Amino acid sequence: GEHEIVVIEGDGIGQEVIPAAVAVLQAVDEVGFSFTEKQAGDDTRDQTGAALPETTYEAAADADATLFGAAGETAADVILPLREAVGSFVNIRPARAYPGVDALQPETDLVFLRENTEGVYSGHEDRLSEDLSTLTRVITTSASEQLAEYACSYVTERSIDGFHTVHKANVMQETDGRFRDAVSRVAASNDVATNEVLMDAFATRVCLNPTQFDVVVCPNLAGDVLSDLAAGLVGGLGLLPSANIGQTNALFEPVHGTAPDIAGDGIANPSASILSAGMLLEYLGETDAATNVQMAVESVLNSGPRTPDLGGNASTEAVVNAVIEQLSSH
Ligand code: NAI
Ligand code: MG
């Protein structure tokens with residue numbers, strides 16, 4: 001049957017790279033889709049008063065999967081509820097260097113499994129006085145265990161030899177201590193090997209030698225920051241896709257934001273969004289199509305055309321057309 005996909009372009013280059021990803025999905029002949037466009041972001045807030053209208057939230061909650069671009073200053077008001085709409089408990093962020101793309105660390109190939117519901121992103125901030133503001137950091141055993149169960153299945157299904165757990169439990173003994181203990185308990189009961197790395201040490205180690213890491217399991221904020229760091233190792237934000245996975249639903253988005261410095265110029269790198277569409281195909285069980293999309297992007301990254309962020313001078317459209325051409329040459 002057809003897969004029902006909700007498409008939310010959002011702001012800035014979201015309006016350029018998401019149509020590119022949809023064009024690639026439409027070019028995948030063997031899979032049928034129906035696309036429904038929904039609004040969210042700064043423009044939507046200006047027009048309707050709400051950055052994430054109820055109809056968009058409901059559509060994402062009901063869809064087979066959602067493809068989202070980025071939102072500008074309303075990012076937190078859009079993406080946090082959207083992740084909640086699909087019940088997402090893990091954010092998957094692969095960071096891989098590609099042949100043909102200049103990378104600080106060309107051997108990088110790792111994936112972050114980031115806790116997606118709590119940490120400092122679900123805690124609330126308070127202004128207690130003129131001088132003092134505070135933030136509550138939330139860590140639950142249940143969310144940590146759910147992430148760890150997912151990580152165990154992820155490495156087992158792919159025959160990967162265990163994972164690294166990144167945390168800062170030496171300082172945040174109560175919260176990250178709870179996270180670390182829950183993850184290692186679940187790993188042990190699944191016979192999955194784990195290594196622990198403190199998050200500051202991880203930042204150094206991944207820069208110096210990323211090949212020592214394969215699957216990295218971490219709390220919310222650490223995963224956000226460290227995956228952007230890894231983007232720097234592989235050639236920039238234009239390359240990193242992500243998947244927000246829930247029990248029965250999921251949301252796919254590039255890691256990058258609205259890129260106001262290049263928005264409207266038609267030169268945004270569509271690779272992150274097309275690779276996100278590839279992750280969407282994999283999630284829907286369309287494994288062959290997912291592989292074809294991944295290979296088509298890799299081939300174009302290797303041979304060009306390339307957008308300016310990768311040192312080329314091609315437009316978004318030229319890259320998308322090249323990817324679609326690769327797809328149909330299979
Ligand atoms: P950004 O990711 O939008 O841009 C950072 C740098 O990377 C810029 O120089 C930009 O040109 C470049 N870049 C990003 N994606 C690119 C692509 N596909 N092709 C070529 N170059 C690309 O991050 P920034 O500047 O910190 O944030 C801009 C806006 O985006 C802010 O309003 C922020 O709130 C929002 N944002 C939204 C996110 C979301 O909706 N999930 C995530 C991150 C930021
Ligand atoms: Mg981020």
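## Basis of the report

A residue is called buried when its relative accessible area is under 20%, exposed when that area is over 50%, and partly exposed in between (1.4 Å probe, protein chains only). At 7% relative accessibility, Arg83 therefore counts as buried.

The model described here is predicted, so that local features need pLDDT of at least 70 and side-chain atom pairs count only at pLDDT 80 or more, while totals for chains, interfaces and linings use all residues. Residues are numbered from 1 along each chain as its sequence is written, chains are lettered from A and ligands numbered from 1 in the order in which they are written, and side-chain values use heavy atoms, with hydrogens and water left out.

## Nonpolar cores

A nonpolar core is a set of buried Ala, Val, Leu, Ile, Met, Phe, Trp, Tyr and Cys residues joined through side-chain atoms within 4.5 Å. The largest such core has 85 residues, and those with the most contacts inside it are Leu113, Phe163, Phe202, Val215 and Phe252. Apart from it lies another core, of 16 residues, including Ala40, Leu52, Ala60 and Leu82.

Contact means heavy atoms within 4.5 Å. When neighbours within four places in sequence are left aside, the contacts of Val215 include Val111, Leu113, Tyr154 and Phe163.

## Aromatic rings

Rings of Phe, Tyr and Trp (its six-membered ring) pair if their centres lie within 6.5 Å; planes under 30 degrees apart count as stacked, over 60 as edge-to-face and the rest as tilted. The structure holds 6 aromatic pairs. In one of them, the ring centres of Phe112 and Phe202 are 6.0 Å apart and the planes stand at 75 degrees, so the pair is edge-to-face. Because Phe112 lies in strand β5 (residues 109-115) and Phe202 in helix α7 (residues 199-208), the pair ties together parts that are 90 residues apart in sequence. Helices (H or I, at least four residues) and strands (E, at least two) are DSSP runs, numbered from the N terminus. Phe112 is buried, with a relative accessible area of 0%, and Phe202 is likewise buried, at 0%.

Phe89, Tyr150 and Tyr154 form one aromatic cluster. Arg158 lies over the face of Tyr154, at 3.6 Å from the ring centre; a charge sits over a ring if NZ of Lys or CZ of Arg is within 6 Å of the ring centre and within 35 degrees of the ring normal.

## Salt bridges

Side chains of opposite charge can pair when their charged atoms come close. A salt bridge is a side-chain nitrogen of Lys or Arg within 4 Å of a carboxyl oxygen of Asp or Glu, and the count comes to 15. The side chains of Arg83 and Glu253 form one of them (2.9 Å, N to O). Arg83 lies in helix α4 and Glu253 in strand β12 (residues 250-254), so this pair ties together parts that are 170 residues apart in sequence. Glu253 is buried, with a relative accessible area of 5%.

Another salt bridge joins Glu73 and Arg45 (3.1 Å, N to O). Glu73 is exposed, at 65% relative accessibility, whereas Arg45 is partly exposed, at 28%. Arg93, Arg114, Asp224 and Asp228 are linked in a network of salt bridges.

## A buried charge without a partner

Glu9 lies in strand β1 (residues 3-10). Glu9 is buried yet has no salt bridge, and the nearest side chain of opposite charge, Lys38, is 13 Å away.

Conventions:
Lys and Arg count as positive and Asp and Glu as negative; His and the chain ends are not counted.
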